[in-house]
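Subject: Structure handover, with notes on side-chain contacts

Hello,

Please find the structure below. My notes on the side-chain contacts follow after it.

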Amino acid sequence: MSSDPKSKKHFVRRASNRTTGEEAVLKHRSAGPTSNRGKRFHDEAVMMHRFTGEGLAGVLPVLDIDSGSTPAWYVMPRATPLESIFVETTTLQEIVGHVHVLAQTLCELAEREFYHRDIKPDNLFWYDGRPVLADFGIAYFGEASVTYEGEKLGPLWFMAPEMRSMTKLEEGSQADVYSLAQTLSAFIHPIGQLPLPGTFRAGAPDYDLNRRWKGDHTALDALGHVLEAATRNDPNERLRIDGLEEELRLWLHSAQTPLVRNSGLLSGWGQQDDYARDMEESRRAMRRTLNRIARHLGDEAGRQEHDLQDPDQPRWLAAYGWPHNAEDGFEPDGLLSFSASCEGGDRRVILGAVYHGREVSFIAEVHQLTAGDWQLEHSWPATEWGRARLPSATHALQTLAAKVTSSLA
């Protein structure tokens, strides 16, 4: 190997293989072998070399190591900082996916009672097509730490509260959870707009992922709650690393709509975002309204939402005077349908919502089962079109519900 002295850290050197020209990084001991730093370097070199021999793919491999009993150096391949592979078009799912892979590696280490204790963007890399951990200089490898009592480990923003005043026996088993979650937060927030250190506060303005990302806002809110659970100040209230791995895996499975960065200023929402939010707010309002209506059908009244594409689901039986916007009449931009049925199943109320652009109109019908067929007992004119999510639309729905409950009474 030949070395290049240019490096941000005095104990790290760029190196290359004289035969192949392959670039690498050489890290050497910066203090005597019996010093505190020397012992740390020994543990790091030996354990990272051991991980390579065991095929632990989530840790940056060791290519060569000093053969002495107290290694003075070891060599790693050149790797790309993980953060540098994230570009403007990188989706949130891709970022979370890479962090999830790191969580899996931390789970493998935790099973051996090993803890990195210095998770931060500077120690995460992209190598051989996957994210990897590096720099185990202050890691805990299943025995008493060699840190000084009271020594602080890691940079403040990524450091778990319990690591700010170490004891000699502190293993830091929950510190990696906190630091990995804060690292994920750093990856997904705009540069220079990181929230304050401490517990992630899901829903608070400074922590709102909707300010940076757009798409499925339910998924964005859910990820905020995962980050909050993983950054609790009390380690006993914090997710464990296997719990964080599971939550990220389940989130990735459920977040099907690509979440992309907001471009330019905090412009808010695109057309699809507005449509999804309109539908979800109407859905919540209709559920609350249906619960009030159902009480007039008896304590055992059933309630459900229906897929209008399913031919076996309840049909709306009345005719409504919506304006024609297509050759075949009126074509809605979206539909919602709920029903509440009395205990005997021979009477039901249908509550529906129809979307046209950003506006919504509500309908209600009462059906009676007669000779095996559902008959229209009563219906009301559709409500006036109103802007979804505004009080006027909610008021129209409540007014319609009052007419329904009066009819049932």
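A residue is called buried when its relative accessible area is under 20%, exposed when over 50%, and partly exposed in between (1.4 Å probe, protein chains only). This is a predicted model, in which local features need pLDDT of at least 70 and side-chain atom pairs count only at pLDDT 80 or more, while totals for chains, interfaces and linings use all residues. Residues are numbered from 1 along each chain as its sequence is written, and side-chain values use heavy atoms, with hydrogens and water left out.

Salt bridges

A salt bridge here is a side-chain nitrogen of Lys or Arg within 4 Å of a carboxyl oxygen of Asp or Glu. By this rule there are 17 salt bridges. Helices (H or I, at least four residues) and strands (E, at least two) are DSSP runs, numbered from the N terminus.

One of the salt bridges joins Glu-44 and Lys-27, whose closest N and O atoms are 2.9 Å apart. It links distant parts of the chain, since Glu-44 is in helix α1 (residues 36-53) and Lys-27 in strand β3 (residues 23-28), 17 residues apart. Glu-44 is buried, at 2% relative accessible area, and Lys-27 is buried at 8%.

Another is formed by Glu-54 and Arg-112, at 2.5 Å from N to O. Glu-54 lies in the loop between α1 and β4 (64-65), and Arg-112 in the loop between α2 (92-111) and β7 (114-115), so this pair ties together parts that are 58 residues apart in sequence. Glu-54 is partly exposed, with a relative accessible area of 41%, and Arg-112 is partly exposed at 30%.

Arg-358 and Asp-278 also form a salt bridge, with 2.9 Å between the closest N and O atoms. Because Arg-358 lies in the loop between β15 and β16 (359-370) and Asp-278 in helix α6, the pair ties together parts 80 residues apart in sequence. Are the two partners buried or partly exposed? Arg-358 is partly exposed, at 27% relative accessibility, whereas Asp-278 is buried at 1%.

There is also a network of salt bridges, which links Glu-280, Glu-281, Arg-283, Arg-284, Arg-287 and Glu-305.

Aromatic rings

Rings of Phe, Tyr and Trp (its six-membered ring) pair if their centres lie within 6.5 Å; planes under 30 degrees apart count as stacked, over 60 as edge-to-face and the rest as tilted. A search of the whole structure gives 14 aromatic pairs. Among them, Phe-136 and Phe-141 are stacked, with 6.3 Å centre to centre and 20° between the planes. Phe-136 is buried, at 2% relative accessible area, and Phe-141 is buried at 13%.

Tyr-275 and Tyr-355 form an edge-to-face pair, with 6.3 Å centre to centre and 75° between the planes. This pair links distant parts of the chain: Tyr-275 is in helix α6 (residues 271-294) and Tyr-355 in strand β15 (residues 347-356), 80 residues apart. Tyr-275 is partly exposed, at 29% relative accessible area, whereas Tyr-355 is buried at 1%.

Phe-136 and Phe-141 also belong to one aromatic cluster with Phe-51 and Phe-114.

A charge over a ring

A charge sits over a ring if NZ of Lys or CZ of Arg is within 6 Å of the ring centre and within 35 degrees of the ring normal. The charged end of Arg-348 sits over the ring of Trp-374, 3.9 Å from its centre.

Regards
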